[in-house]
Amino acid sequence: NSVILSYLCNTVIGIENIKSFHDFSVDVLIKLEVNNVVFIKSKIEYGYPDQQPYDCIFIEGGVNYVTNEILNQLSENGRLVAVEMKESNVGKATLYQRYGKEFVKKYLFDAYVPVFDGFKKNQNFNF
């Protein structure tokens, strides 16, 4: 997906927390001579604040929630797209757009993707 985004964007920053996936992605970029994409080995749930603000953030996997830490990395009118997975295991492709300090959330369509570990809510049991 990063290679496709490289044709649509000036700069693409990919975050990968699994070393083998990170190394594979870097190798593919080198072989394809893609120069406007870089992969950072880091925890995906923190985003990458060093290069903020971002016009667009695309989370390629399911999330139970999107952290304010990542939303606050968006530029004015910046957009974030993710598939939010709720208890029913039916995901909703969701678009967040920033307006000042506020975020508007819009559901786009149903989807199912695996949830990233870093974006899972802790299970709480109440008696």
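This report covers the fold, surface and salt bridges of a predicted model.

Residues are numbered from 1 along each chain as its sequence is written. Local features need pLDDT of at least 70, side-chain atom pairs count only at pLDDT 80 or more, totals for chains, interfaces and linings use all residues, and side-chain values use heavy atoms, without hydrogens or water.

**Fold and surface**

The chain has 3 helices and 6 strands. These are DSSP runs, numbered from the N terminus, of at least four residues for helices (H or I) and at least two for strands (E). Their order from the N terminus is α-β-α-β-β-α-β-β-β. Of the 127 residues, 35% are buried. Buried means under 20% relative accessible area, exposed over 50%, and partly exposed in between (1.4 Å probe, protein chains only).

**Salt bridges**

The whole structure holds 3 salt bridges. Each needs a side-chain nitrogen of Lys or Arg within 4 Å of a carboxyl oxygen of Asp or Glu.

| Pair | N to O distance |
|---|---|
| Lys19 and Asp23 | 2.6 Å |
| Glu84 and Lys105 | 3.1 Å |
| Lys92 and Asp110 | 2.7 Å |

Lys92 sits in strand E5 (residues 91-99) and Asp110 in strand E6, 18 residues apart. Lys92 is partly exposed at 32%.

Glu84 bridges to Lys105. Glu84 is in strand E4 (residues 74-85) and Lys105 in strand E6 (residues 102-111), so the pair ties together parts 21 residues apart in sequence. Glu84 is buried at 2% relative accessibility, while Lys105 is partly exposed at 38%.

Lys19 and Asp23 are 4 residues apart in helix H2 (residues 19-32), which means about one helical turn separates them. Lys19 is exposed at 52%; Asp23 is partly exposed at 30%.
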